[in-house]
Amino acid sequence: MAGFRDIDKALFPIKNINTVLQLFRQQLEDTCEPDLALLSIVVGIIENSLTSRSNAALQVYEPFEQNSLPLLELDAVETLYDKFQNIMNTAVNINKSKSFATRDLVKRVSDVIWNSLTRSYYKDRAHLQSLYSYLTGSKLDCFGVAFAVVAGCQTLGYNDVHLALSEDHAWVVFGEHGTENAEVTWHGKGNEDKRGQEIGKGVSSRSWLYVNNKPVICTRQMEVAALVSAINPSLNSTHDAYEVSLLQQELLWLLYDLGHLKKYPMAIGNLGDLEEISSKEGKVPCKTLFEEAIVSARRYYNNQHVYPYTYQGGYFYRNKMYKEAFESWANASDVIRLYNYSRDDEEIYKEFLEIANELIPHIMKVESSGFSANTILKKPECFANLLRFYDGICQWEEGSATPVLHIGWAKPLVNTISKFDADVRAQVNIVCDKSGEEKFSKKNGSYFNNNNYDKENGSHNSDASKSNETDISAGNFHPSLEALTAACS
Ligand SMILES: CC1(C)CN=C(N2CCN(c3ncnc4sc(CCF)cc34)CC2)S1
């Protein structure tokens, strides 16, 4: 059983980051599973005391001591911990007969959380992710509700209920074989919640939101990684609270070193972002972390996740490594082309829109300012990756009920493509195979987008014989590429 044990209580009052690390270490390393409610309350109190404008300035703590924190008394934690236990045990009066959770039990726990939330509040506000927010303000964000349900089920003794995470949604899995699943929170704006229902079998299962049924299925330790990832150090729109950011980075390193981030690409990416800002002595560099996140997504999630490539692309972009950024974004586009765009996919749509209409145009402006000696505008592989990037978005749109592209996309697209001289463009040889998948190759070597994936019947056409390459005349461009090349001819 998890729990708030005497060895944990002995660490209080907590005065610095190292003691918080010790609490997490004790909870993570001991045989029993870590107590999600305890750890969420602890980081929630710390985050809120250091980021809520109200008393931020009045903090009375020794700023000179190594990584000091506002004093965290045992009583403050125990009161909230007992309150959560109380809410769960009274509202969900279970005869703890069953050893595995049922859909009814999961729905009842979700209802307890749901019905105790404040009627209406700004759902996207920061610092609404922890049990501290739930227990002191009756407010949770979408992720926070799902996390609270899992923590509630743990409190009730159901260790089969686990958090399932896509790149923009969270739900739970449960049952003897962990094969049952259920919605427990809402998603997006103005959508009816589907709490209690099984995860979409219909069209929604083809949407990015459910990552083609390749979600991150958390262990208890990965649920700790999720609550640590959800720590939000922002003080306001321009500044972060330094101690909160440092605590998050140290906790992610602890989880990384214990091996609990191996199957959690986004958590590795979050650690990479923090390391880029301020790297920790003797740790792998952030560039490596972004690569590890990609390897993890390829190995455990059939390369169906987009964010690992956009973490990496963002890093290359910020560090002016534009050729590499184009390759990361083209790889991200190779993932999204497999999906059908649905109205639940706004978040990833905004991500691609920003890359296509803000980041790439900025790169083009800088590169064509004439001062960059080794300009990417002379590199055919950059042009090839750019076409692959745009083509993936076109293919994402194909077969989707909702359109993706509009005139707002076309202008930056044409402007970008026209920045490459004809002689550079001519070096990119667009090869199309029978399956209608185009591949981009350079004269001296071939460059293939590696997904011979037929979206319709979801198969990989492994039969290589089908792909006898022919140089394609305008006649049989892949329709999505037709649009592109027409734009630049
Ligand atoms: C490349 C990026 C734009 C940078 N940050 C990104 N994210 C920040 C952290 N994110 C996350 N980090 C850890 N775990 C999770 S679970 C989840 C779905 C809602 F539950 C989101 C998310 C979401 C993605 S993607």
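For this tour, Ala, Val, Leu, Ile, Met, Phe, Trp, Tyr, Cys and Pro count as nonpolar, Asp, Glu, Lys and Arg as charged, and the others, Gly among them, as polar. The model on screen is predicted, so that local features need pLDDT of at least 70 and side-chain atom pairs count only at pLDDT 80 or more, while totals for chains, interfaces and linings use all residues. Residues are numbered from 1 along each chain as its sequence is written, and side-chain values use heavy atoms, with hydrogens and water left out.

**Stop 1: the ligand**

The shell has 15 residues, of which Phe143, Tyr264, Asn270, Tyr307 and Tyr311 come nearest; by class it has 7 nonpolar, 5 polar and 3 charged residues.

Next, show the side chains that make polar contacts, meaning a pair of N or O atoms within 3.5 Å; within protein, one must be able to donate a hydrogen and the other to accept it, and residues adjacent in sequence count only if both atoms are side-chain atoms. An N or O atom in the side chain of Tyr264 is 2.6 Å from a nitrogen atom of the ligand, the corresponding distance for the side chain of Asn270 is 3.1 Å, and for a polar side-chain atom of Tyr311 it is 3.3 Å. Of the 560 Å² that the ligand exposes when taken alone, the protein buries 74% (accessible areas by the Shrake-Rupley method with a 1.4 Å probe; for residues, only the protein chains shown count as cover).

Now colour helix H11 (265-277) and helix H13 (307-318), the elements that give two or more residues to this shell; H13 gives the most, with 3 residues. Helices (H or I, at least four residues) and strands (E, at least two) are DSSP runs, numbered from the N terminus.

**Stop 2: helices H8 and H9**

Select Phe143, Phe147, Val150 and Gln154 in H8, which meet Arg220, Glu223, Ala226 and Leu227 in H9, contact meaning heavy atoms within 4.5 Å. By class, this contact has 5 nonpolar, 1 polar and 2 charged residues.

**Stop 3: two places in the backbone**

Most residues other than glycine have a negative phi, and most peptide bonds are trans. Go to Phe12 and Pro13, which are joined by a cis peptide bond with omega about -5 degrees; Pro13 is found in the loop between helix H1 (6-9) and strand E1 (14-16). Finish at His127, which is not a glycine but has a positive phi of about 65 degrees, in the loop between helix H6 (103-115) and helix H7 (131-137).

Note on methods. Near = heavy atom within 4 Å.
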